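Here are my notes on the model, point by point. Please read them with the structure open.

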Amino acid sequence: MSGILDLLGSDLGKSIISGVAGSTGNDSSKTSSVLTMALPVLMKAMQRNATTPEGAEGLMGAIQGKHNGSILDNLGGLFGGGVDDEVKNDGDKILNHVLGAKKEGVEKIIGEKSGLDASSVANILKVAAPILMGVLGKQAQQQNVSSSNGIGDLLGGLLGGNSADKEQSFLESILDADGDGSIVDDVAGMVLGGAKSKGGLGGLLGGLFGK
């Protein structure tokens, strides 16, 4: 199964990036940078949440119901008339549920690394979160994941399975940020230092950060 970053490089991913950029008034390349950093972080947070029975059941319920992937069937309609407030409000609820008190810290760190202010990052993520849930819903259907037991494996597969320790620690570090900004340079150094190879999330993030 291809990972979430492979999705961003696909035709569907390019449509999502250009649509999100247009609907939030942001540059496409910066929007791409934000999504490349943010989507693995959101998925890692979901994976964490899904380690509890309640979290797994909640996520399973969402992707079997409202977030079953149907949003991906009409991206032209979603972006064509401008993304409506209902989608953004839904995205905000998803972010609050997944990231909780760490939401502002995550937005701040990603903003500093992508060259956008935190409010622009927040707007991008509000639009992207329901789409990400739709991707999960589609993947769950394709792989016949019908119980909460399989949701962790699904997320792990989209994150690239057993990714390198540095990549995992990068995601964990962002999620453990308390919003004071002190962790930003450590995280950047960790990823950039570990990005000698071009493969994997570390290499991709290293490329984004100019290494």
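Which side chains meet in a salt bridge at 3.5 Å, N to O? The first point takes this up.

1. The pair is Asp90 and Lys66. A salt bridge here is a side-chain nitrogen of Lys or Arg within 4 Å of a carboxyl oxygen of Asp or Glu. Asp90 lies in helix H6 (residues 85-99) and Lys66 in the loop between H4 and helix H5 (75-80), so the pair ties together parts that are 24 residues apart in sequence. Asp90 is buried, at 12% relative accessible area. Lys66 is exposed, at 56%. The cut-offs are under 20% relative accessible area for buried, over 50% for exposed, and in between for partly exposed (1.4 Å probe, protein chains only).

2. A word on the basis. This is a predicted model, in which local features need pLDDT of at least 70 and side-chain atom pairs count only at pLDDT 80 or more, while totals for chains, interfaces and linings use all residues. Residues are numbered from 1 along each chain as its sequence is written, and side-chain values use heavy atoms, with hydrogens and water left out.

3. Overall layout. The chain has 12 helices and 0 strands. Both are DSSP runs, numbered from the N terminus: helices are H or I, at least four residues, and strands are E, at least two. Of the 211 residues, 49% count as buried. Take the contacts (heavy atoms within 4.5 Å) with a separation of 6 or more: residues 24 or more positions apart account for 75% of them. The chain exposes about 9,400 Å², and carbon and sulfur atoms supply 46% of that area. Accessible areas come from the Shrake-Rupley method with a 1.4 Å probe; for residues, only the protein chains shown count as cover.

4. The structure holds 4. One of them joins the side chains of Lys138 and Asp73, at 3.0 Å, N to O. Lys138 lies in helix H8 and Asp73 in the loop between H4 and H5, so this pair ties together parts 65 residues apart in sequence. Lys138 is partly exposed, at 23% relative accessibility. Asp73 is exposed, with a relative accessible area of 56%.

5. A network. Asp92, Lys103 and Glu107 are linked by salt bridges. Within it, the side chains of Lys103 and Glu107 meet at 3.6 Å, N to O. Both residues lie in helix H7 (residues 103-114), 4 residues apart, about one turn of the helix. An α-helix has 3.6 residues a turn, so residues three or four places apart point the same way. Lys103 counts as buried at 13% relative accessibility. Glu107 is buried too, at 6%.

6. H4 against H8. These helices pack at an angle of about 85°, with their axes 9 Å apart. That makes H4 roughly perpendicular to H8 (65 to 115 degrees). Axes are lines fitted to C-alpha atoms, for helices over the stretch in contact, and angles run from 0 to 180 degrees between N-to-C directions. H4 brings Leu59, Ala62 and Ile63; H8 brings Met133, Leu136, Gly137 and Ala140. The contact divides into 6 nonpolar residues, 1 polar and no charged.

7. Helix H9 (residues 151-158). Its buried residues are Ile151, Leu154, Leu155, Gly156 and Leu158. Their cover includes helix H1 (4-9), helix H3 (28-49), helix H4 (53-64) and helix H8 (118-142). Gly160 follows H9, and its phi is positive, near 100°.

Key. Angles under 35 degrees count as roughly parallel, over 145 as roughly antiparallel, 65 to 115 as roughly perpendicular and the rest as oblique. Ala, Val, Leu, Ile, Met, Phe, Trp, Tyr, Cys and Pro count as nonpolar, Asp, Glu, Lys and Arg as charged, and the others, Gly among them, as polar.
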